[in-house]
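Hello,

Here is the structure for your files. My notes on it follow below.

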Amino acid sequence: MQIKRAKTQGFCFGVAITVKKAEEAVASGATVTTLGHVVHNPQMVEQLERQGLRNADSVDEVQSGTLFVRAHGLPVSVFQTAEAKGLEILDATCPMVTKIHVQAEKLRAEGYKIIVIGDPNHAEVKGTLSHVPGAWCIQTQEDVDALPRASRVGVVVQSTWSGTGFAEIVKRLTAKYYEVRAVNTICTDTHNRQFEAAELAKDVEVMVVVGGKHSANTKHLAELATANGARTYHIEGPGELERQWFDGVSVAGLMSGASTPGWLVDSVAERMEALSRRAS
Ligand code: SF4
């Protein structure tokens with residue numbers, strides 16, 4: 001069986017920077033706490049916890065030391081609470097996420113009613129919404145129909161959103177509002193992976209997508225691969241691979257989400273090769 005691997009694999013640059021900063025912080029001997037896992041990847045989370053990184057659900061649980069801000073960023077109010085408590089803040093928000101905050105604030109300052117396309121329960125979107133209080137958050141074309149009237153709307157989008165989904169919603173907004181100013185804030189890494197998922201899926205019979213089950217960008221990749229004709233499996237590691245997936249398969253694809261380390265993708269490739277030799 002031939003295994004075709006996507007060109008863009010392993011950590012995106014934002015996650016790579018975040019992980020490096022977290023490792024350096026714990027190695028310095030500081031007490032470092034993150035709110036939510038640094039990456040959507042169980043193996044990497046375990047590794048960082050072994051190195052000493054702590055995890056809390058809320059800033060209220062952090063009494064001292066350093067508050068580590070992961071790539072998704074945090075709401076403004078959490079920064080304010082951390083400062084008021086005298087915590088050190090190590091801000092590893094991805095620059096592409098900061099750019100979304102800046103774009104949204106700029107549009108608001110120019111008088112646009114802000115619309116954030118994204119999952120309101122996702123940490124990144126919560127952070128973005130905190131920069132533009134009163135913004136509307138939508139996820140589907142149908143959500144557009146339920147929005148109140150406005151004359152000028154300014155739009156930003158979650159960094160890992162689907163490009164097609166963004167384009168469809170903007171089209172619907174354009175039909176509803178007099179002026180729509182949309183900034184495509186889907187990050188370059190996400191864009192590249194989505195493009196490769198769609199292209200690669202057309203060339204393979206089976207696609208394996210490696211990434212955390214809660215990772216929004218990995219889920220989108222698996223959906224795209226399915227939509228483009230490949231029988232697709234979303235897994236977190238090599239242990240989930242099953243031999244029968246590759247029975248009679250001559251070309252399989254392999255790609256990963258933005259928070260999947262390169263070594264994990266390599267180990268999945270090795271296991272796929274081993275299983276395909278055993279497949280009938
Ligand atoms: S997926 Fe994009 S926005 Fe998110 S951390 Fe990676 S580079 Fe940054």
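Helix 8 (188–203) and helix 9 (residues 216–227) pack with their axes 8 Å apart and at an angle of about 25 degrees, and are therefore roughly parallel to each other. Axes here are lines fitted to C-alpha atoms, for helices over the stretch in contact, with angles running from 0 to 180 degrees between N-to-C directions. Angles under 35 degrees count as roughly parallel, over 145 as roughly antiparallel, 65 to 115 as roughly perpendicular and the rest as oblique. Helices (H or I, at least four residues) are DSSP runs numbered from the N terminus.

The crossing of helix 8 past helix 9 is right-handed (the near helix is turned clockwise from the far one by less than a right angle). On the helix 8 side, the contact is made by Thr 190, Arg 193, Gln 194, Ala 197, Ala 198 and Ala 201, and helix 9 brings Asn 217, His 220, Leu 221, Leu 224 and Ala 225. Contact means C-beta atoms, placed from the backbone, within 7 Å. By class, these residues are six nonpolar, four polar and one charged. Ala, Val, Leu, Ile, Met, Phe, Trp, Tyr, Cys and Pro count as nonpolar, Asp, Glu, Lys and Arg as charged, and the others, Gly among them, as polar.

The model is predicted: local features need pLDDT of at least 70, side-chain atom pairs count only at pLDDT 80 or more, and totals for chains, interfaces and linings use all residues. Residues are numbered from 1 along each chain as its sequence is written.

Helix 4 (95–109) and helix 5 (residues 123–131) have axes that come within 9 Å and cross at roughly 30 degrees; this pair is therefore also roughly parallel. Helix 4 passes helix 5 in a right-handed crossing. Val 97, Ile 100, His 101, Ala 104 and Glu 105 of helix 4 meet Glu 124, Thr 128 and His 131 of helix 5.

Around the ligand there are 15 residues, of which Cys 12, Gly 14, Cys 94, Ser 159 and Cys 187 come nearest (near: C-beta atom, placed from the backbone, within 6 Å). Helix 1 (13–27), helix 4 and helix 8 each give two or more residues to this shell, and helix 1 gives the most, with three. The shell divides into nine nonpolar, five polar and one charged.

The chain is divided into domain 1 (2–10 + 189–278), domain 2 (13–94) and domain 3 (96–186), with bounds from an automatic or database domain assignment. The centres of domain 1 and domain 2, taken over C-alpha atoms, are separated by 29 Å. Their contact takes twelve residues from domain 1 and eight from domain 2.

Regards

Note on methods. Two residues are in contact if their C-beta atoms, placed from the backbone, lie within 7 Å.
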